Amino acid sequence: MLRYLLNRLIHAVLVLFVISLIVFYIMYKTGDPVELLLPPDATQQHVEEMRVSLGLDKPFSTQYRLFLGNLLQGDVGYSFIYGQPALTVV
C-alpha cells in the first residue's frame, strides 16, 4: 500500500511539473507583457528597464527556473492588473 501511494505521489508531482511547464511556455509565447503595462508612448529605454526589472531579459530556462524556485517558496507572483500578490487574487 505504501509503495502504491509513493508511486501515485511521484506521478502527481511529475504531472504538476509538466502542466506548469506547458502553462509557463504558453504564457511566454503569448506576447510581451511590458507592452501591456507601459503606455504606447513609452521610450525604448523605459521598455528595456521594465524588461530587466521583471526578469524578461533572461532566457526561457532561467525564467522558468526562477518561477519554480519562487513557486516552491509559496510565491506565485504579482498581479499588475489588481496591484496585489497573485495568490490573494486567486
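**Entry 1: the largest pocket**

I began with the lining of the largest pocket, to which α1 (2-29), α2 (33-37), α3 (44-54), α4 (60-72) and β1 (78-79) each supply at least two residues. I took helices (H or I, at least four residues) and strands (E, at least two) as DSSP runs, numbered from the N terminus. I noted that the model is predicted, that local features need pLDDT of at least 70 and side-chain atom pairs pLDDT 80 or more, and that totals for chains, interfaces and linings use all residues. Residues are numbered from 1 along each chain as its sequence is written, and side-chain values use heavy atoms, with hydrogens and water left out.

I looked up the volume of the largest pocket and found about 1300 Å³. Among its 27 lining residues, Phe24, Pro33, Leu56, Tyr78 and Phe80 are the closest to the centre. A pocket is an open set of points on a 1 Å grid over the protein atoms alone, where a 1.4 Å probe fits, with protein on both sides within 12 Å along at least five of seven lines; lining residues have an atom within 4 Å of a point. Grid points are joined across faces, edges and corners, and the volume is the space filled by probe spheres set on the points.

Which helix gives the most to this lining? I found that α1 does, with five residues. By type, the lining divides into 16 nonpolar, eight polar and three charged residues. Here Ala, Val, Leu, Ile, Met, Phe, Trp, Tyr, Cys and Pro count as nonpolar, Asp, Glu, Lys and Arg as charged, and the others, Gly among them, as polar.

**Entry 2: aromatic pairs**

I next looked up the aromatic pairs and recorded eight of them. Rings of Phe, Tyr and Trp (its six-membered ring) pair if their centres lie within 6.5 Å; planes under 30 degrees apart count as stacked, over 60 as edge-to-face and the rest as tilted.

The pair of Phe24 and Phe60 is tilted, because the planes stand at 55°, with the ring centres 5.5 Å apart. Phe24 belongs to helix α1 and Phe60 to helix α4, so this pair ties together parts that are 36 residues apart in sequence. I checked the accessibility of both: Phe24 is buried, at a relative accessible area of 16%, and Phe60 is partly exposed, at 22%. Buried means under 20% relative accessible area, exposed over 50%, and partly exposed in between (1.4 Å probe, protein chains only).

Tyr64 and Phe67 make another tilted pair, with ring centres 6.2 Å apart and planes at 35°. Both lie in helix α4, three residues apart, about one turn of the helix. An α-helix has 3.6 residues a turn, so residues three or four places apart point the same way. Tyr64 is buried, with a relative accessible area of 7%, whereas Phe67 is partly exposed, with 24%.

I then noted one aromatic cluster, formed by Phe17, Phe24, Tyr25, Tyr28, Phe60, Tyr64 and Phe67.

Apart from neighbours within four places in sequence, Gln63 is in contact (heavy atoms within 4.5 Å) with Phe24, Tyr28, Gly55, Leu56 and Lys58.

Gly55 sits in the loop between α3 and α4 and is buried, with a relative accessible area of 10%. Its C-alpha atom is 18 Å from that of Gly83, which is 28 residues away along the chain.

**Entry 3: helix spans**

I compared two helices with their expected span (1.5 Å times one less than the number of residues). The 28 residues of α1 reach 41 Å from first C-alpha to last, close to the expected 40 Å. The 13 residues of α4 reach 18 Å, close to the 18 Å expected. Just after α1, Gly31 takes a positive phi of about 150°; just after α4, Gly74 takes a positive phi of about 90°.
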